[in-house]
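Open the model in your viewer and keep the selection panel handy. We will begin at a single residue and then step back to the whole chain.

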Amino acid sequence: MNCCFMVFSSFATANRVKSLLLKKHDIKSEIMQTPGEIKLKSCSYCLKINILHLDTAWDIVVRSGLSSKGVFSADDFKKLK
């Protein structure tokens, strides 16, 4: 699979990153609840994005002063960032 999950603590943050990806870079993503295979202590939402766009998405998070709980592979759920 060519996708990864960028995890956020809130739907609002995930939606903000999704909007910025689409508006500034024409990159599409999907908001979903974080898969249960990704073991986190609280509920969360994630963006499912093509792994080719990971660096761009991560840059948006950092430059916007937002925070992410991490980025995980959609194949094996290993943490990438």
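Where does S29 lie? Select S29 and you will find a loop, the one between α1 (11–25) and β2 (30–33). Keep in mind as you look around that this is a predicted model.

Now show its surroundings. Leaving aside residues up to four places away in sequence, S29 touches K18, L21, L47, K48 and I49.

Time to zoom out and colour by secondary structure. The chain has two helices and four strands. Trace them along the sequence and the order reads β-α-β-β-α-β.

With the whole chain in view, turn to its dimensions. The C-alpha atoms fill a box of roughly 30 × 25 × 20 Å along the principal axes. For 81 residues, a compact globule would have a radius of gyration near 12 Å, and the chain, at 11 Å, agrees with that.

Colour by burial next: 36% of the 81 residues count as buried. If you draw contacts between residues at least 6 apart in sequence, 67% of them join residues at least 24 apart.

The accessible surface comes to about 5100 Å², with 50% belonging to carbon and sulfur atoms. Select the charged side chains, 13 positive and 7 negative, and note that the centres of the two sets lie 8 Å apart.

Terms used
Residues are numbered from 1 along each chain as its sequence is written. This is a predicted model: local features need pLDDT of at least 70, side-chain atom pairs count only at pLDDT 80 or more; totals for chains, interfaces and linings use all residues. Side-chain values use heavy atoms; hydrogens and water are left out. Contact means heavy atoms within 4.5 Å. The radius of gyration is taken over C-alpha atoms; the globule rule is 2.2 Å times the number of residues to the power 0.38. Buried means under 20% relative accessible area, exposed over 50%, partly exposed in between (1.4 Å probe, protein chains only). Accessible areas come from the Shrake-Rupley method with a 1.4 Å probe; for residues, only the protein chains shown count as cover. Lys and Arg count as positive and Asp and Glu as negative; His and the chain ends are not counted. The place of a charge is taken as NZ of Lys, CZ of Arg, CG of Asp or CD of Glu.
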